[in-house]
Amino acid sequence: TNPVAPVTATVVVSFIARAPSDPGLRVAAARAASPAGYPRFVPLSADAICFAYEPPQPVLRDITCAFRPGAITALVGPNGCGKSTLLRILLGALTPGSGQATLDGRDVRLIPPPQRAARMAYLAQRPQLGFAYTVRQYVRLGLHAAQHDDEHPVDEALARVNLADRASWRFGELSVGQQQRAALGRALAQLSRRAEGAVLLADEPLSAMDPRRALESLALIRDL
């Protein structure tokens, strides 16, 4: 790690629990002090989050957790336990019934979207588009979110997710696993400026990839 410009991304990834006896959501995170060169503050946190789509049946109940920079935190649990819901609350896309998600101590919902996009990238489990973008155009959306127009991050991201030879394809022509890799490329482009305290929220981002590509993509996520 470059001591002058340390990589300080906070990565939160959800995974389906393999043990059928797992009753609900679990948060598995490194609790040790931040590595040398990393800030010790916790940029992203959830405090007493409660949420219900259909009250009074809560999906999340009193969830409190903190996500350290330079670490991958796993949200683990079976389908329907609230992993995706918690990620969307952390992103500011859902409003909790009580509690709050904060970024640098500020309620994420109160941070203007352009400022949020410069710091936070989101990978949906099933990327969807309402327009026939090419793969390059889709990855370039990450630059639009981060409000810069340098094409180099797009080329680099396409190469890193092994889709440079598919750049001119329509996004809908890709397999689901390739679409997940394109979504990772968009996130890499979005976070290419290495903003201090950048956050990647990933919702089962490897679920449709073959083992080789899943390992390669996990390595890219670790490198953030």
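**Entry 1: the second largest cavity**

Which element gives the largest share of the lining of the second largest cavity? I looked it up: H6 does, with 4 residues.

Before going on, I note that this is a predicted model, where local features need pLDDT of at least 70, side-chain atom pairs count only at pLDDT 80 or more, and totals for chains, interfaces and linings use all residues. Residues are numbered from 1 along each chain as its sequence is written, and side-chain values use heavy atoms, with hydrogens and water left out.

I found 2 cavities of 30 Å³ or more in the structure. A cavity here is a set of points on a 1 Å grid over the protein atoms alone, where a 1.4 Å probe fits but cannot get out; lining residues have an atom within 4 Å of a point. Grid points are joined across faces, edges and corners, and the volume is the space filled by probe spheres set on the points.

The second largest cavity comes out at about 40 Å³. I listed its lining: Arg160, Val161, Asn162, Arg181, Leu184, Arg213, Glu216, Ser217 and Leu220. Helix H5 (176–190) and helix H6 (211–223) are the elements that give two or more residues to this lining. Helices (H or I, at least four residues) and strands (E, at least two) are DSSP runs, numbered from the N terminus.

I then sorted the lining by type and got 3 nonpolar, 2 polar and 4 charged residues. My classes: Ala, Val, Leu, Ile, Met, Phe, Trp, Tyr, Cys and Pro are nonpolar; Asp, Glu, Lys and Arg are charged; the others, Gly among them, are polar.

**Entry 2: the chain as a whole**

I counted 6 helices and 9 strands in the protein chain. Of its 224 residues, 47% are buried. Buried means under 20% relative accessible area, exposed over 50%, and partly exposed in between (1.4 Å probe, protein chains only). I also checked contacts (heavy atoms within 4.5 Å). Among those in the protein chain with a separation of 6 or more, 73% join residues 24 or more positions apart.

**Entry 3: the sheet**

In what order do the 4 strands of the open sheet run? I read E4-E3-E6-E7, with antiparallel pairing. Two strands pair if DSSP finds at least two bridges between them. Strand E4 (60–67) and strand E7 (106–107) are the edges, each pairing on one side only.

I followed strand E3 (residues 44–51) against E4 and found 5 bridges in the antiparallel sense. One bridge I noted sets Ser45 against Ala66 in E4. Helix H1 (residues 83–91) packs on the sheet and touches E3, E4 and strand E6 (98–103). The direction of H1 makes about 125 degrees with that of E3. For such angles, axes are lines fitted to C-alpha atoms, for helices over the stretch in contact, and values run from 0 to 180 degrees between N-to-C directions.

I flagged a cis peptide bond between Pro55 and Pro56, with omega about 10 degrees. Pro56 sits in the loop between E3 and E4.

Asp62 belongs to strand E4. Asp104 also has a positive phi, of about 55 degrees. Asp104 lies in the loop between E6 and E7, and its 41% relative accessibility makes it partly exposed.

Met209 is in the loop between strand E9 (199–203) and H6. I have Met209 as buried because its relative accessible area is 11%. Not counting residues up to four places away in sequence, Met209 touches Gly177, Gln180, Arg181, Ala214 and Ser217. Two of these names, Arg181 and Ser217, also stand in the cavity lining. From Met209 to Gln179 I get 9.3 Å, C-alpha to C-alpha, across 30 residues of sequence.

Glu151 is in the loop between helix H3 (135–146) and helix H4 (152–160). With a relative accessible area of 30%, Glu151 is partly exposed. Leaving aside neighbours within four places in sequence, Glu151 is in contact with Arg136 and Arg140. Glu151 and Arg140 are 7.9 Å apart, C-alpha to C-alpha, and 11 residues apart in sequence.

Is Thr134 buried or exposed? Thr134 is buried, at 15% relative accessible area. Thr134 lies in the loop between strand E8 (120–123) and H3. Leaving aside neighbours within four places in sequence, I list its contacts as Ala167, Ser168, Trp169, Arg170 and Phe171.

Key. On a 1 Å grid over the protein atoms alone, a cavity is a set of points where a 1.4 Å probe fits but cannot get out, and a pocket is an open set with protein on both sides within 12 Å along at least five of seven lines; lining residues have an atom within 4 Å of a point.
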